[in-house]
Amino acid sequence: MNRAVDPTSDSTVTAPADTVARMTGLPSAALKQELIEIGRDFHRRGWSLGTSSNYSAVVSKDPLQLLITGSGFDKGRLTPDQFVVVDGQGARTEPTHPKPSAETLLHTLLARKAGAGAVLHTHSVWGTLLSEALQHSGRLRISGYEMLKGLSGVTTHEACVSIAVVPNTQDIAALAESLEGRLAAGDPDLRHGFLMAGHGLYTWGADLAEARRHIEVLEFLMEVLGTRRSIPV
Ligand SMILES: [Zn+2]
């Protein structure tokens, strides 16, 4: 599958579907299909039940535009008309698209300030429980596990990876503002993702494949740590 951007492409194209195709080198249908398949997989694994979660991919860097799941859809049964293209402020670029998720501002923030080409958000059992248990410490620390090497920039199991835990909130704009300040300051707890307490995990990657690898690694490690807390080892 060729993802390279065609340097000869015409940036004046106005049809949103064609814009997506030109910016990514993929037909938008193919990108949606990848996200649909991710939804099916994450739903099957219990990470995206009951219309929870949202997934996005950057389709244009300048101006910033993301393809993101619309609000309130069952992620196990996504269809191509359940996506929306949003601008850098999280607003729909086409009024005919579905309403974007309330958490869209977190996706646009990560695309602007964390170098994310794709952002994946899950509501797993272990993400919910561990973030609830660790909300007062403000971070989840992970070290000593081989699976850490699946995270970008981590080369040894001896690394200590820290994932920020922030309070859950319905005021996503305020959360985005607070995270923006932390990202700008190079907060080491925000290198790989963050947890919202009692809610779930956000992680990202340079592209969809990397974001997917990161969520698999972090979900695996959270299950390991959660299980380890409950059994004597
Ligand atoms: Zn959520």
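Me: Let me start with a helix pair. How are α4 and α6 oriented to each other?

Reply: Bear in mind that this is a predicted model. To read a helix pair, start with the axes: those of α4 (residues 125-133) and α6 (residues 208-230) come within 9 Å and cross at roughly 60°. An angle between 35 and 65 degrees falls in the oblique class, and therefore α4 and α6 are oblique to each other. As for handedness, α4 passes α6 in a left-handed crossing.

Me: Which residues in α4 and α6 meet there?

Reply: From α4 you have Trp 126, Gly 127, Leu 129 and Leu 130, and they meet Glu 219, Met 222, Glu 223, Leu 225 and Gly 226 in α6.

Me: Let's zoom out. How many helices and strands are in the chain?

Reply: You'll find six helices and eight strands. Along the sequence they follow the pattern α-α-β-β-β-α-β-α-β-β-α-β-β-α. The chain has 233 residues, and 42% of them count as buried. For contacts between residues at least 6 apart in sequence, 60% join residues at least 24 apart.

Me: In what order do the strands form the sheet?

Reply: The general idea comes first: strands of a sheet pair through backbone hydrogen bonds, either parallel or antiparallel. Here eight strands make an open sheet in the order β3-β2-β1-β4-β8-β7-β6-β5, with mixed pairing. At the edges stand β3 (83-87) and β5, each with a single partner strand, so one side of each has no neighbour in the sheet. On average, neighbouring strands are turned by 20° against each other, direction ignored.

Me: How many bridges join β2 to β3?

Reply: Five bridges join β2 (residues 64-69) to β3, and the two run antiparallel. To find your place in that pair, look for Ile 68, which stands opposite Val 84 in β3.

Me: Which strands does helix α2 touch as it packs on the sheet?

Reply: Helix α2 (residues 28-44) touches β1 (54-61), β2, β3 and β4 (118-122), and its direction makes about 160° with that of β1. Helix α3 (residues 104-113) packs on the sheet too, touching β1, β2, β3, β4 and β8 (200-205); the direction of α3 makes about 140° with that of β2.

Me: Now β4. Are its residues mostly buried or exposed?

Reply: Mostly covered: five of the five residues of β4 are buried. To read a strand like this, remember that in a regular strand the side chains alternate between the two faces of the sheet. In β4, Ala 118, Leu 120 and Thr 122 are on one side, Val 119 and His 121 are on the other, and all of them are buried.

Me: How do β1 and β4 run, parallel or antiparallel?

Reply: Antiparallel, with four bridges joining β1 to β4; Asn 54 stands opposite His 121 in β4. Another five bridges join β4 to β8, again antiparallel. In that pair Ala 118 stands opposite Gly 205 in β8.

Me: Last one, the backbone. Where does Pro 63 lie?

Reply: As a rule, most residues other than glycine have a negative phi, and most peptide bonds are trans. Pro 63 lies in the loop between β1 and β2, and a cis peptide bond joins Asp 62 and Pro 63, with omega about 5°. Thr 51 has a positive phi of about 70° although it is not a glycine. Ser 53 lies in the loop between α2 and β1 as well, with a positive phi near 80°.

Me: Is Ser 53 buried or exposed?

Reply: Ser 53 counts as buried because it has 25 C-beta neighbours inside 10 Å. Thr 51, with 15 other C-beta atoms within 10 Å, is partly exposed.

How values were computed. Residues numbered from 1 in each chain as written. Buried ≥ 20, exposed ≤ 12 C-beta atoms within 10 Å, placed from the backbone. Contact = placed C-beta atoms within 7 Å. Pairing = 2+ DSSP bridges. Axes fitted to C-alpha atoms, helices over the stretch in contact; angles between N-to-C directions. Parallel < 35°, antiparallel > 145°, perpendicular 65-115°, else oblique. Left-handed = near helix turned anticlockwise from the far one by under 90°.
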